[in-house]
Amino acid sequence: MSDDAPDTRTDVDRTPPAVAVVDAQSPGNVGTIARAMKNFGFEDLLLVDPPELDPDGEAYGFAGHAREDVLPDADEITFDHLAENYHTIGCTAVTNEDDRSHTRFPYSTPAALAERLPTVEGPTALVFGRERVGLTNEELARIDEICSIPASAEYPVLNLGQAATVTLYELRSLTLEETQLPDLERVRAPEQTIDRLYDQWAALLEEINHPAEKRDKTMRMLRRVYGRADLTEREATTLVGLLRRATDRPAEN
Ligand SMILES: C[S@@+](CC[C@H](N)C(=O)[O-])C[C@H]1O[C@@H](n2cnc3c(N)ncnc32)[C@H](O)[C@@H]1O
C-alpha cells in the first residue's frame with residue numbers, strides 16, 4: 001500500500017492465525033499447506049506429530065517459495081500445547097447429521113470467520129486433521145470452535161491440502177494488504193472521457209441523419225450500455241478515436 005493511500009483496515013488485528021496440522025501423514029500435504037500459507041500471507045506453521053520432512057523430499061518439493069521460510073521455520077508442538085495456548089479453530093467437514101452434536105456444531109464458514117477473527121483476543125490457530133481420519137472426536141472436544149467449508153452435500157470432504165488452501169484464501173483479508181492484481185479503479189475511464197464518448201456518438205448520429213425524434217432514446221440506450229460496460233480509460237479513448245474517424249470521414253459517393 002502506498003504511503004498516501006488510506007488504510008481502511010486499522011481495526012484489523014494484525015496477528016494472523018497460526019496454521020496447525022495434526023499428524024499429517026504425508027510430507028507432500030505439509031508442503032502444499034506451507035505453499036498456500038506463503039501465497040496468502042500466513043507465516044506460523046505448527047506441526048503436531050509431523051512426518052519426517054526431508055529437505056530433498058516431497059514436503060520441500062511441494063512447498064515452492066515456502067521452502068525458504070514457512071517450512072523450515074515450522075514449530076513442532078504437542079496437541080496439549082496447541083489446545084492450552086491458542087484459541088483453536090478446528091477445520092472439519094460438517095454435515096446435517098452433526099447438528100445435534102456439540103463436537104462439530106455450531107460452525108463458522110471461513111468467510112464468516114474472516115469477519116469475526118479480528119475480534120478474538122490472543123493467539124489463534126486454524127487446526128487441520130489427518131488425511132485419512134481427520135481430527136478425532138477427542139481432539140475436537142478440546143477445540144474452541146469449528147470452521148467448515150461449504151461444499152457439495154454429496155461429497156463435502158476436501159483433501160487436506162485443498163481444505164487448507166480454500167480456508168486460507170478466504171482468510172486472506174487478515175494477512176494481505178494488497179495482492180498482485182492491478183487496481184482496476186486506477187485504469188477506469190474518468191467521467192470526462194465518457195462524456196467525450198457521448199459527444200462523439202451525438203456527432204455521429206447527426207452525421208448519419210439519425211431521425212431527430214429518436215436521438216434522445218438512442219443516447220439513453222448508449223448511456224445504459226456504457227454504464228454496464230465499466231470501460232477502462234484505454235477502451236474509452238479508443239472508442240472516442242474510432243467514432244471521431246467515422247464522423248470526420250468524407251462522405252462516400
Ligand atoms: C481428507 S480430510 C479428512 C477426512 C476425514 N474422513 C474426516 O471426515 O474428517 C482432511 C482434513 O481436511 C480438512 N477438511 C476437509 N474437508 C473440509 C471441509 N469441508 N471443511 C473444513 N475442513 C475440511 C479437515 O481439517 C480434515 O481433517
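At what angle do helix H8 (residues 191-207) and helix H10 (residues 233-248) pack, and how far apart are their axes? The legends below take up this pair and several other close-up views of the predicted model.

**Figure 1. Packing of helices H8 and H10.** The two helices, spanning residues 191-207 and residues 233-248, pack at an angle of about 20°, and their axes are 9 Å apart. Because of this angle, H8 counts as roughly parallel to H10. The crossing in which H8 passes H10 is left-handed. On the H8 side, the meeting residues are Thr193, Ile194, Arg196, Leu197, Gln200, Trp201, Ala203, Leu204 and Glu207. On the H10 side, they are Glu233, Ala236, Thr237, Leu239, Val240, Leu243, Arg244, Ala246 and Thr247. Sorted by class, this contact comprises 10 nonpolar, 4 polar and 4 charged residues.

**Figure 2. Packing of helices H8 and H9.** Helix H9 covers residues 212-229 and packs with H8 at an angle of about 145°, the axes being 11 Å apart. The crossing of this pair is right-handed. H8 contributes Ile194, Leu197, Tyr198, Trp201, Ala202 and Leu205 to the contact, and H9 contributes Arg215, Thr218, Met219, Leu222, Arg223 and Tyr226. By class, the contact of H8 with H9 holds 9 nonpolar, 1 polar and 2 charged residues. Among the H8 residues in this contact are Ile194, Leu197 and Trp201, and these three residues of H8 also take part in the meeting with H10.

**Figure 3. Packing of helices H1 and H6.** The axes of helix H1 (residues 27-39) and helix H6 (residues 160-170) come within 9 Å and cross at roughly 10°. H1 is therefore roughly parallel to H6. Asn29, Thr32, Ile33, Ala36 and Met37 of H1 make the contact with Leu160, Gly161, Ala164, Thr165 and Leu168 of H6. The contact of H1 with H6 includes 6 nonpolar and 4 polar residues, and no charged residues.

Figure 4. Although Asp23 is not a glycine, its phi is positive, at about 55°. Phe105 and Pro106 are joined by a cis peptide bond, with omega about -5°.

**Figure 5. Division of the protein into domains.** Domain 1 covers 18-174 and domain 2 covers 185-248. A distance of 52 Å separates the C-alpha centres of domain 1 and domain 2.

How values were computed: Residues are numbered from 1 along each chain as its sequence is written. This is a predicted model: local features need pLDDT of at least 70, side-chain atom pairs count only at pLDDT 80 or more; totals for chains, interfaces and linings use all residues. Axes are lines fitted to C-alpha atoms, for helices over the stretch in contact, and angles run from 0 to 180 degrees between N-to-C directions. Helices (H or I, at least four residues) and strands (E, at least two) are DSSP runs, numbered from the N terminus. Angles under 35 degrees count as roughly parallel, over 145 as roughly antiparallel, 65 to 115 as roughly perpendicular and the rest as oblique. Two residues are in contact if their C-beta atoms, placed from the backbone, lie within 7 Å. Ala, Val, Leu, Ile, Met, Phe, Trp, Tyr, Cys and Pro count as nonpolar, Asp, Glu, Lys and Arg as charged, and the others, Gly among them, as polar. Domain bounds come from an automatic or database domain assignment. A crossing is left-handed if the near helix is turned anticlockwise from the far one by less than a right angle, and right-handed if clockwise.
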